[in-house]
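Please view the sequence and the structure first.

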Amino acid sequence: MNNLVVDLDFIDNRTAEQAACETKISAETNTGNSRKLYIESYGCQMNFSDSEIVTSILFKEGFDTTADINKADVVFLNTCSIREKAEQTVRHRLVHLNGLRKRRPGLIIGVLGCMAERLKKNFLEEEKIVDLVVGPDAYRDLPNLINEVDNGHKAVNVLLSREETYADINPIRLNSNGVSAFVSIMRGCNNMCSFCVVPFTRGRERSRDSFSIIREVEELVANGFKEVTLLGQNVDSYRYTSEDSSVDINFAGLLARVAQVSSDLRVRFSTSHPKDITDEVLYTIKKYDNICNYIHLPVQSGNSRILELMNRTYDRDWYLNRVDAIRRILGEDCGISSDMITGFCSETEAEHEDTLSLMDYVQYDYSYMFYYSERPGTLAARKLQDDVPLEVKKRRLAEVIEKQRQLSLQRNQLALNQIHRVLVEGFSKKSTEYLSGRNDQNKVVVFPKKNYQKGDYVNVQITDCSVGTLIGEAIN
């Protein structure tokens, strides 16, 4: 088993290898612009959202996008440094791209995102495999950087910002299904988790102004979108205060304002941090029927000593208190998912068992699961010893995965014979005779298409389930 993330929400339709490093490529646009841009985006939804911002910036500079790399004038890899697997994938891809450039000498190759900041020297000076390197806060500078490359120079801008939120840029939806969209509400992270590179690659936390967020959501609704997901490394710490202090909005307030844009609009958010999620947020979810009854609440470990080494700033009891609050305020049906790391520095068997017992207590609907891989530059890499043998990490990961499979199946079985409101996102991956969408708890539901179509809300009675999918019949 490689260092994989397993997303059980899609386990029926994707291999673990695919889930480990999800990739999206730019869609085809033909507006008559003279140059073609091809973007491959790796990793998290924040990266996919950033690629939409990049596309918008360069569209104004005369670029259309293409899904065919052989037609591209500029190729960007929007990269992720969270896992070693993601970095390896990008490096292999760059080798392939340099082979393509030998056949097309004028092709420009650039690296964007988290790897750009971390490995700029390697890419530009030592390995000499790219033409430009651009960090997450420097995308406005792309037209100038591309111009430098056009003039025969290498180009780099990886400066981090305390202000940049791209609030005024209207993203071009690259891989949109026309139903669901991601809306970035903040950038960066102030949490210095010892295993994580995000604070070093994406900078300090800053919230986007609430007015621009609402405008973007209103435009999405006007264009027929039925669902938005509010994105941030830690959405619960969102806070916007106007210069004159007349407006002061926390995350609960923002959630309410987005929900009020349209009662027909579903609202989701990701990711919550256990130290920050408040009862006010939970009561806001309860108040508005169109805020989905689902929370991604990463725990990472079920043991308090390991959580302290991870610098998560909460312990096991605090986390369980937040879970109890979710169940008390939102009910047992609320979907909860998590991130987990096995084999963190000095983790013992007993501490690993604490993670398994916490999973039993919480009853996660699904999880993203990894074994620990040391990331250069993190606090753990500098101060802790990566001393758990690889085979032990893999075995513990396998136990966590098996536990989650059991829990996912149990949670899905609770839905049998119940009626769930499903937003149709498209055809099932296995058959065009079936449609696929998600319910309130973010679970995939598949049912015969009949006369329904993408974008419809459909009441589906659940008749069967697997570990990752609910199966039913429409009863509208």
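## Two packed helices

Helices α8 and α9 lie roughly parallel to each other, a term for angles under 35 degrees. The model is a predicted one, in which local features need pLDDT of at least 70 and side-chain atom pairs count only at pLDDT 80 or more, while totals for chains, interfaces and linings use all residues. Residues are numbered from 1 along each chain as its sequence is written, and side-chain values use heavy atoms, with hydrogens and water left out.

Helix α8 covers residues 210–222 and helix α9 residues 251–259, and the two pack at an angle of about 30° with their axes 10 Å apart; helices here are DSSP runs (H or I, at least four residues) numbered from the N terminus, and axes are lines fitted to C-alpha atoms over the stretch in contact, with angles running from 0 to 180 degrees between N-to-C directions. On the α8 side the contact (heavy atoms within 4.5 Å) is made by Ser 210, Ile 213, Ile 214 and Val 217, and on the α9 side by Leu 254, Arg 257 and Val 258.

With a disulfide taken as a pair of cysteine sulfur atoms within 2.5 Å, the count comes to zero. Cys 193 is in no disulfide, and the nearest cysteine sulfur, that of Cys 196, is 6.1 Å away. Cys 193 is buried at a relative accessible area of 7%, buried meaning under 20% with a 1.4 Å probe and protein chains only.

The sulfur of Cys 292 is too far for a bond, because the closest cysteine sulfur, in Cys 334, is 10 Å from it. Cys 292 also counts as buried, at 2% relative accessibility.

Definitions and conventions. Buried means under 20% relative accessible area, exposed over 50%, partly exposed in between (1.4 Å probe, protein chains only). Angles under 35 degrees count as roughly parallel, over 145 as roughly antiparallel, 65 to 115 as roughly perpendicular and the rest as oblique.
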